[in-house]
Amino acid sequence: RKGFTLIEMLIVVSIIGLLASIVLVGLRGTREKARDARRIADLKEVQVGLELYFEKCRFYPSGPWPGPRPCTRIRISQNVNTDESWRDLTNALVGTDLGINAVPNDPIHPVRTYAYRPDERENLRYVMRTQFEDLNSQALNADIDGAPLGVDCVDPFYCVGLF
């Protein structure tokens with residue numbers, strides 16, 4: 001009779017399982033790099049939205065006093081270690097006549113979040129921050145470092161902004 005024995009089938013299945021696990025472990029770094037690339041793209045997209053807001057209002061979203069939308073100066077949380085500041089920025093940008101329908105969140109939100117901090121004195125500067133998974137990313141060499149506007153931008157944090 002032709003066919004495979006149970007032992008032969010178990011050996012083939014175990015070899016396929018072993019190869020699949022090796023491939024998945026090897027792809028983990030690739031997934032991290034892809035999420036980091038998305039983080040960069042998300043922050044650049046929000047920068048475009050912020051520039052649209054600035055073009056219309058002549059200031060970036062910040063401040064405690066009301067006004068006509070989209071130039072409403074809402075309070076932006078200064079806590080960049082939670083997602084409060086990003087939620088406040090989303091509330092400032094979405095639903096305005098600028099055509100912004102959504103503000104992206106981190107690919108693994110709520111484990112990691114984006115952060116936004118405006119300069120509340122002048123309303124002409126801001127910093128956005130995310131945390132990278134790939135600590136060897138070349139993009140970390142091309143971002144803002146230090147502590148602009150009091151935001152920790154030392155690697156593994158990736159920061160962009162205008163200050």
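The chain has a mean pLDDT of 87, with 92% of its residues at 70 or more; pLDDT is the predictor's confidence in each residue, from 0 to 100. This is a predicted model, in which local features need pLDDT of at least 70, side-chain atom pairs count only at pLDDT 80 or more, and totals for chains, interfaces and linings use all residues. Residues are numbered from 1 along each chain as its sequence is written, and side-chain values use heavy atoms, leaving out hydrogens and water.

Among the elements of the chain, β2 has the highest mean pLDDT (95) and helix α2 (residues 84-93) the lowest (86). Helices (H or I, at least four residues) and strands (E, at least two) are DSSP runs, numbered from the N terminus.

A disulfide is a pair of cysteine sulfur atoms within 2.5 Å. The count by this rule is one. Cys153 and Cys159 form a disulfide, with 2.1 Å between their sulfur atoms. The torsion about their S-S bond is about -95 degrees, so the disulfide is left-handed.

Asn136 sits in the loop between β2 (126-131) and β3 (157-162). Its C-alpha atom is 9.7 Å from that of Lys33, 103 residues apart along the chain.

Buried means under 20% relative accessible area, exposed over 50%, and partly exposed in between (1.4 Å probe, protein chains only).

| Residue | Relative accessible area | Class |
|---|---|---|
| Cys153 | 0% | buried |
| Cys159 | 1% | buried |
| Asn136 | 66% | exposed |
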